[in-house]
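Please walk me through this model in the viewer, one selection at a time. For each stop, say what to pick and what is found there.

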Amino acid sequence: MDHNQPAPPNSTPPEAGPDAVSAMKSRILDKLNYQVGKSPEAASARDWFVATALAVRNQAVDNWATTRRACRAEGAKRVYYLSLEFLIGRLLMDTLGNLGLTETVRAALADCAIDLDTIAREEPDAALGNGGLGRLAACFMDSMATLGIHACGYGIRYEHGLFRQLIDHGVQKEQPEDWLSLGNPWEFERIEIAYDIGFGGFVATEPHPQGWGVRYVWRAAETVRAVAYDMPVIGFRTTQTNTLRLWAARATSSIDLEDFNRGDHVGALRERVQVEAISRVLYPGDDSPAGQELRLRQEFFFTSASLQDTIRRHLSAHPSLDNLPEKVSVQLNDTHPAIAIAELMRLLVDVHCLSWDRAWEMTVAIFSYTNHTLLPEALETWPVPLMERLLPRHMQIIYMLNAQHLERAKASGFDDAALARVSLVDENSGRRIRMGHLSFLGSHAINGVSALHSRLVEQNLFPDLAVLYPGRISNKTNGITFRRWLHRANPALTQILVARLGDAVLTDADQLARLRADIDDPDLHRQFAAQRLAAKRALSGIILERTGARVDPNSLFDIQVKRLHEYKRQLLNILHAVALYDAIRAQPTRDWVPRVKIFAGKAAPGYWRAKQIIRLICDVGQVVNNDPVIGERLKIVYLPNYNVSLAERIIPAADLSEQISTAGMEASGTGNMKFALNGALTIGTLDGANVEIRDHAGDENIFIFGMTVEQVQARTRAGLDASDVIAASPALAQAIQSISMGAFSPSEPGRYRDLMHAVQHGDRFMVAADFEAYGRAHRTVAETWRNQPRWWRMAITNTASMGWFSSDRTIRDYAREIWQLDGLT
């Protein structure tokens with residue numbers, strides 16, 4: 001089935017006609033013949049994709065070399081972005097757009113009777129991330145290249161990434177994501193760039209070469225090789241091309257020949273298999289000691305390799321490390337790379353023989369830390385015994401840092417309780433190292449990712465540290481790259497905007513505000529409605545293809561797509577769907593607004609309750625979608641294996657964007673921005689960046705409901721039993737009873753009894769407490785949908801209000817206020 005959309009406008013002025021097309025055609029055919037090894041007649045769609053990617057990559061490589069030479073000549077400060085995830089998605093169309101080659105390549109392929117959109121779908125999504133954290137990292141890398149910031153992203157080259165999600169009768173099943181099985185035409189293996197990463201062993205002492213007593217030397221018991229793989233990150237309408245460097249784990253010896261020759265053919269490969277597990281899978285299950293150890297190994301592996309590489313780069317351009325803080329900024333994307341603080345201290349003190357005080361001064365000046373969560377359980381901590389066994393020298397460093405830190409706190413008047421709260425070692429939970437505290441202590445700047453989140457980071461998450469180290473916390477509200485989430489994902493809307501606002505809207509997101517002058521223009525309403533309907537028809541085809549469900553594209557598309565977690569409250573959404581189903585059955589002749597509820601997202605493999613919610617959504621959908629009384633009034637679908645490419649098809653088709661997290665638990669969200677940019681209306685709580693979207697779009701252009709952060713906190717203190725609010729809500733009581741009694745799981749009536757019991761008697765995420773307010777907001781949504789001129793006025797206003805949410809703006813804020821870069825426009 002063809003789900004093609006119109007091509008976006010050229011992102012740069014098109015190359016001169018036939019000569020450019022002919023040259024590109026020749027390059028593609030050369031790559032097909034000499035690197036893919038296929039003739040045009042024998043080539044598959046995959047072969048054509050690889051040949052095209054390789055031909056386009058040549059231009060990126062030329063720009064890459066120019067950028068490296070310019071950085072060295074300028075002596076520019078570099079930004080190193082450490083992230084366990086980079087959710088970059090497919091790269092061909094993004095690369096073509098940024099280079100301004102889309103129509104040239106389209107025409108060149110057409111001359112060969114090949115369709116660009118068809119071969120672009122042959123590219124797998126790079127399985128290098130899970131959700132918002134990794135997608136933010138990808139957007140930031142795009143913006144840094146576009147703004148001319150010399151930057152390098154560091155992460156892990158996962159062979160299988162997270163997992164490929166299958167939904168089998170409502171049950172999530174995880175399969176390996178084999179995105180590298182056919183190779184990756186965008187990457188370059190740099191076998192000459194490799195570093196030894198140690199684990200275990202002991203710490204010895206020897207005379208210090210500077211005569212400062214002793215020097216500590218870590219004698220690791222095992223060594224892993226980190227090998228670099230580079231991918232170009234291409235800026236928009238610029239030759240700036242930065243690097244995404246990903247590390248693959250390799251054994252120092254590929255095979256034990258002695259074991260092999262004794263006949264132990266499997267055992268001869270044991271070390272290699274164990275070592276290479278480090279870069280095999282993103283987020284291995286950590287509900288076992290072995291899983292916890294593998295995660296810690298992953299985090300140290302990539303941070304150590306990245307810091308060794310950073311120092312090597314610096315020393316290749318400068319005679320010493322004296323000016324390292326003036327030339328290097330390292331951004332920690334959440335707590336996963338926090339061990340980098342102790343590792344940089346080890347490298348500076350033990351390897352490069354700096355004094356302890358000078359090394360610490362440099363470390364704090366170099367590092368900055370972005371916090372992405374307010375949930376205490378999501379802030380990483382590691383058992384002290386595991387750290388002492390795996391990273392003995394780093395534990396010594398952490399203990400020394402903690403002693404200095406606690407001395408300062410005590411001198412500042414902290415009592416014993418406050419000292420326990422700020423200590424890097426949590427003595428109350430089986431002795432664990434608090435990686436969030438280490439990140440805070442070792443960074444000169446700490447930021448949240450929305451105004452509300454940053455306030456809560458200071459007031460609730462790190463209040464004592466904020467007092468002890470004042471002025472470190474600031475806000476840097478997240479942003480998204482409009483190149484990916486508007487120009488590429490929604491070319492039809494982009495064409496409308498360019499026709500109205502001119503080509504400048506492609507490079508200056510603030511130009512969107514000019515659209516406010518036309519929010520009552522009936523022609524613009526018709527244009528917005530037409531492009532939305534086309535996107536909904538395309539998505540309806542995908543839904544049919546992947547789930548077998550038929551949906552009416554004229555219905556209101558009500559969409560919640562994101563990682564499955566209880567605080568994101570997919571459960572609240574499906575409870576509302578059950579209540580709506582009951583109401584429609586009770587009054588089928590009422591004028592109901594036809595609605596399609598669309599869900600997508602993955603649950604962590606070990607997160608049983610999140611998997612139960614997926615299954616409940618699917619079970620409810622199975623009943624509702626096959627009820628002849630309901631017809632087209634309500635449909636519920638769950639799209640499997642949510643990823644960037646699927647998001648690019650879903651978001652332009654959304655009428656309503658569900659951003660309904662429990663107030664105070666979502667750091668920011670970026671899905672909310674993507675939907676609003678494309679003209680979807682938001683139903684949401686006053687949480688994360690929803691607050692700022694409301695501030696920019698206006699109260700009248702968003703559907704806000706539910707408790708505030710302060711009200712959530714007050715109800716939590718009062719107790720989590722929700723019997724009172726359930727008793728006061730007949731619709732909720734009936735929905736809970738129906739689910740509990742097996743109305744949607746007749747073959748297993750008790751399937752969801754525990755899930756419903758948690759809502760009734762342990763309502764930590766305020767599902768029951770916010771239910772009635774959520775229902776009222778949805779009734780307002782339905783009333784607004786019936787008034788189509790009002791709906792499209794609100795939709796256009798949302799698009800016009802999103803310029804501030806560009807990741808270009810966010811990166812400018814980081815560059816000026818945290819990384820202290822000069823010369824940005």
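Helices here are DSSP runs of type H or I with at least four residues, numbered from the N terminus. The model is a predicted one.

**Stop 1: Ser738 and its helix**

Select Ser738, which sits in helix 29. Its relative accessible area is 17%, and the cut-off for buried is under 20%, so Ser738 counts as buried. Leaving out residues up to four places away in sequence, show the contacts of Ser738: they are Asp582, Ala743 and Phe744.

**Stop 2: helix 29 against helix 30**

The crossing of helix 29 with helix 30 is left-handed. Which residues meet here? From helix 29, show Ile736, Ile739 and Ser740; from helix 30, show Arg753, Met756, Val759 and Gln760. Coloured by class, the residues of this contact are four nonpolar, two polar and one charged.

**Stop 3: His778**

Move on to helix 31 (residues 771-786) and pick His778 within it. Is His778 buried or exposed? With a relative accessible area of 2%, His778 is buried. Beyond its neighbours within four places in sequence, the contacts of His778 are Asp558, His576, Arg595, Lys597, Leu656, Glu658 and Ile683.

**Stop 4**

Now select the largest nonpolar core, which has 156 residues. Met144, Ile149, Trp247 and Phe301 have the most contacts inside this core. Helix 2 (residues 45-74) contributes the most to the core, giving nine residues. A separate core of 113 residues lies apart from it; Ile574, Val578, Val596 and Ala800 are among its members.

Return to Phe301 and display its contacts, again without residues up to four places away in sequence. Phe301 touches Ile156, Ile197, Phe199, Val224, Arg225, Ala226, Trp247, Ala248, Ala249 and Ile278.

**Stop 5: helix 11 against helix 12**

Select helix 11 (residues 340-351) together with helix 12 (residues 356-366). The two axes come within 9 Å and cross at roughly 140°, and helix 11 and helix 12 are therefore oblique to each other. Their crossing is right-handed. On the helix 11 side, show Ile341, Leu344, Met345, Leu348 and Val349; on the helix 12 side, show Trp356, Ala359, Trp360, Met362, Thr363 and Ile366. How do the residues of this contact divide? Ten are nonpolar and one is polar, with no charged residue.

**Stop 6: two loop residues with positive phi**

Select Cys353, in the loop between helix 11 and helix 12. Although Cys353 is not a glycine, its phi is positive, at about 60°. Cys353 is buried, with a relative accessible area of 13%.

Then go to Asp334, in the loop between strand 10 (328-333) and helix 11. Asp334 has a phi near 75°, a positive value in a residue other than glycine. At 8% relative accessibility, Asp334 is counted as buried.

Technical notes
Residues are numbered from 1 along each chain as its sequence is written. This is a predicted model: local features need pLDDT of at least 70, side-chain atom pairs count only at pLDDT 80 or more; totals for chains, interfaces and linings use all residues. Side-chain values use heavy atoms; hydrogens and water are left out. A crossing is left-handed if the near helix is turned anticlockwise from the far one by less than a right angle, and right-handed if clockwise. Contact means heavy atoms within 4.5 Å. Ala, Val, Leu, Ile, Met, Phe, Trp, Tyr, Cys and Pro count as nonpolar, Asp, Glu, Lys and Arg as charged, and the others, Gly among them, as polar. Buried means under 20% relative accessible area, exposed over 50%, partly exposed in between (1.4 Å probe, protein chains only). Axes are lines fitted to C-alpha atoms, for helices over the stretch in contact, and angles run from 0 to 180 degrees between N-to-C directions. Angles under 35 degrees count as roughly parallel, over 145 as roughly antiparallel, 65 to 115 as roughly perpendicular and the rest as oblique. A nonpolar core is a set of buried Ala, Val, Leu, Ile, Met, Phe, Trp, Tyr and Cys residues joined through side-chain atoms within 4.5 Å.
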